[in-house]
Amino acid sequence: MAGRVSVAVSAPDPRQVRVASVEEMRRLRLPQPPPQFPLVWEPGDEVELRPTAEIEARAAILHVVLARCFGMPAEAAMSWLLGSRLVEQVTPPEWQFVMGGRGDHRSFVLHHDAVYALAWLLGLSKHLDPEQAADDRLVELLPNLPAGETFAEWRSRSLAAPRSALDAATVLDFYYCLDWGYLEAERTGAPLPGEIDANAIGQRRWALEWAVVFRGPYHDPPAGWEEVDLST
């Protein structure tokens, strides 16, 4: 699949990025992670985004999954994925849901915020503000499934302008900390700062964790979508 290929660059100092992330959490009046909270990357690591075409494909697949959640017939969804040559990138749980409606419907609905984060990475949405819900225009930024817009037609229309890997890494660290802070706030009953909850924060982090790739001695090869580890 043709698309812009990312180039690894030196990642920013993770300690300075973490200071900024924690300061922003303090501004949001969220619980702050403990001092021993792990860094996302180490000094000297490199960072890059997955190729643009891969991010576009993941956003489109999740868009189809969400469409199935809200009534798109299985045959139409399968036909679109086949016509777009995206079937090989659909994960087994996604395929089971698209084809037969099997799986946790609610968990697939939550992917709305993962799609939003992918749209931000592609430069299609303007912000990824944790105090605000996903852009109301998100559906307009994605393939127009009811009109039969193909994946190739959407890519030509959307003209993605991906964020820099440095910006994406910085936002990933912020959402890594936010994920901890939102879960802690919900556990203790502390107020949340905006319109979204820990589930939405976790979904945005999922997309960022998948799309931002670090190179260094302590990093494994890039994980598949279903293999992203959100346990810490």
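Author: Two bridges join β1 to strand β2 (residues 46–49), and these two strands run antiparallel. Strands pair here if DSSP finds at least two bridges between them. Strands (E, at least two residues) and helices (H or I, at least four) are DSSP runs, numbered from the N terminus. This is a predicted model, in which local features need pLDDT of at least 70 and side-chain atom pairs count only at pLDDT 80 or more, while totals for chains, interfaces and linings use all residues. Residues are numbered from 1 along each chain as its sequence is written, and side-chain values use heavy atoms, with hydrogens and water left out.

Within β2, Val47 is the bridge partner of Val9. On the β3 side, four bridges pair β2 with β3 in the antiparallel sense, and Glu48 stands opposite Val213 of β3.

Trp41 lies in the loop between α1 (14–27) and β2, and Phe214 in strand β3, so that the pair links parts of the chain 173 residues apart.

Now the helix packing. The axes of helix α2 (residues 52–69) and helix α3 (residues 74–83) lie 10 Å apart at an angle of about 170°. Axes are lines fitted to C-alpha atoms, for helices over the stretch in contact, and angles run from 0 to 180 degrees between N-to-C directions. That angle makes α2 roughly antiparallel to α3; under 35 degrees counts as roughly parallel, over 145 as roughly antiparallel, 65 to 115 as roughly perpendicular and the rest as oblique. Ala60, Ile61, Val64 and Arg68 of α2 touch Ala74, Ala77, Trp80 and Leu81 of α3. This contact of α2 with α3 has seven nonpolar, no polar and one charged residue. Ala, Val, Leu, Ile, Met, Phe, Trp, Tyr, Cys and Pro count as nonpolar, Asp, Glu, Lys and Arg as charged, and the others, Gly among them, as polar.

Helix α2 also meets helix α4 (residues 92–100): their axes come within 9 Å and cross at roughly 40°. That makes α2 oblique to α4. The crossing is left-handed, meaning that the near helix is turned anticlockwise from the far one by less than a right angle; clockwise would be right-handed. From α2, the contact takes Arg58, Ile61, Leu62, Val65, Arg68 and Cys69, and from α4, Glu94, Phe97, Val98 and Gly100. By class, six of the residues in the contact of α2 with α4 are nonpolar, one is polar and three are charged.

Conventions: Contact means heavy atoms within 4.5 Å.
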